[in-house]
Amino acid sequence: MDEEEAGPPKRELYALLQVSPEATDEDIRKAYRHWAQVYHPDKYQDFHMQQIATENFQRICQAYEILSDEYKRQIYDIYGMEGINSGLELGPKLNKVEELKAELERLRKRKEEEKMLAHFRPSGTILAHLSLPQFLHGDGIMRGMAMSSDVQSQLSKRTAIGIGGNLEVNENSGGGAATTVLRHQLSPVSSIEFIASAGLRALIGVQTTRNLSLHSTATIAIAKSLRDGSINLSNTWTRKLSETANGNIQLLLGPESSIAVGWQKKDEKMSASGELQIGTSSFSASAHYTHRFSSKSHGRIAGRFGSTNLEVEVGGGRKLSNFSTVRMLYTIGIQGILWKFELHRGGQKLIIPILLSRHLNPVFATGAFVIPTSLYFLLKKFVVKPYNLRREKHKTLENKEKTSAQVREARAMAEKAQQLLQIVANRKRSRHLETNELVITKAVYGSSKALKKADESRYENKESASDIIDVTIPLNFLINDSGQLKVHFF
């Protein structure tokens, strides 16, 4: 980028301190001390004047913070406050105008994406129920299907709206619903939500949440069904038990009253939860445990037991990328034996449960568990692992080529610099020879292995190794007029 593309230096902060863009660091420090004393709020007794002085004092401090920093000042001179607010940073690998421009564009795009995601967060689930027994009887493999979608939008800093809907078809029956939720943050510790739903579960309701303390939260909700006029009242209390664990109690009053006690724990290696629910006409207990074997893979076991449900689920998942995760689960219960495949990407989910059998045959259940597990490990060993190794090897070669190109470029730049220094170094060398002072006749830089290789090639009348650098000229250039060589080693 040439000077014209970069544009003239930004002058607003310089104007605040009343210094020029060419001002030295000492000039900026003196100006800051002067204006900080002029606008210090403690000097004013009048409330209105004190407010004005406070605003000016904060602006003076901000100007000094930016202009007194070498890197921030360079960014401000080129891109103004936009570059400062973008989070752009300078360093050993980011000190050219072209690099600054590329980095600024990257940060700008990322901020736009984050802003869009903050104001518009879509999520959805597709659930496809497949049945192997039904397929074998010639009735088709699809047993049912469900879809749900939800979009949340931030209307303002304190208000958000969510609009969602779901549609479900199961054999000869089906239904759907549409839901709207309006959430408003009343204060830093409390919020309120208004809920309206139309469809099979048509209702209206309101819910309020308040942080009672740093460790406790309470939620109260009331909802009225538009189909039968029934009213449900719920009260939930959540307590932080430790840094990684929470507990909750929920009381539900209505046509189906119940009380539930739950517990959740999550840390870097595992997550677990359990819940016990007792109702007027039902009882259920559930628990799950997930262990993370690495940053990319995890195993899961879960169980559900109750008056209408009994099943055990075991399986695992693997992270494919920063946005995608795949899971394979094996479920056995009163509904039969199932395989379940899940694909999670961003806020979207694809879930495919496959019913293998409606009967709990021990032999079939064992085979249904062993066969896919064996296939998974074989696939991982002979397909996934070799693929990952090839990909890592390819990345390593790419990085090696990139590093080699950077080294070649740096070597070329160093040779050009030595050519510029050679005339001055030769002149200094001749003068030192005349006065019998220090003269360096040969100096090389490189690893001991490279230097040894260079010596061997010299004795064999071959070219020197390519991974060492001749530094004879730079060192001669560093000899001062007194014939002394001062070199700092890091």
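1. R183 is partly exposed, with a relative accessible area of 35%. By the cut-offs used here, buried means under 20% relative accessible area, exposed means over 50%, and partly exposed lies in between (1.4 Å probe, protein chains only). The side chain of R183 meets that of E193 in a salt bridge, at 3.5 Å from N to O. This pair links distant parts of the chain: R183 sits in strand β4 and E193 in strand β5, 10 residues apart. E193 counts as buried because its relative accessibility is 18%.

2. Basis of the values. This is a predicted model, in which local features need pLDDT of at least 70, side-chain atom pairs count only at pLDDT 80 or more, and totals for chains, interfaces and linings use all residues. Residues are numbered from 1 along each chain as its sequence is written, and side-chain values use heavy atoms, with hydrogens and water left out.

3. Strands β4 and β5. β4 covers residues 173-187 and β5 covers residues 190-199; the two run antiparallel and are joined by 10 bridges. Strands here are DSSP E runs of at least two residues, helices are H or I runs of at least four, and both are numbered from the N terminus. Two strands pair if DSSP finds at least two bridges between them. Two residues separate β4 from β5 in a hairpin. Within this pairing, A177 stands opposite G199 of β5.

4. Strands β5 and β6. β5 also pairs with β6 (residues 203-211), in the antiparallel sense, over eight bridges. This is a hairpin too, with three residues between the strands. I195 has G205 in β6 as its bridge partner.

5. Salt bridges overall. The whole structure holds nine salt bridges. The criterion is a side-chain nitrogen of Lys or Arg within 4 Å of a carboxyl oxygen of Asp or Glu. Side chains of opposite charge can pair when their charged atoms come close.

6. E26 and R29 form a salt bridge through their side chains, 2.9 Å from N to O. Both lie in helix α3 (residues 25-38), three residues apart, about one turn of the helix. E26 has a relative accessible area of 33%, so it is partly exposed. R29, at 31%, is also partly exposed.

7. A linked set. R300, R304, E311, E313 and K340 are joined in a network of salt bridges. E313 is buried, at 4% relative accessibility. R304 counts as partly exposed because its value is 25%.

8. H298. This residue belongs to strand β13 (residues 297-306). H298 counts as buried, since its relative accessibility is 15%. Contact means heavy atoms within 4.5 Å. Leaving aside neighbours within four places in sequence, H298 is in contact with T290, H291, R292, F293, G316, G317, R318, T325 and R327.

9. P133. Helix α7 (residues 132-136) contains P133. P133 is buried, at 17% relative accessibility. Where does P133 touch the chain, not counting residues up to four places away in sequence? P133 touches L355, L356 and S357. From P133 to S357 there are 224 residues in sequence, and 6.3 Å in space, C-alpha to C-alpha.
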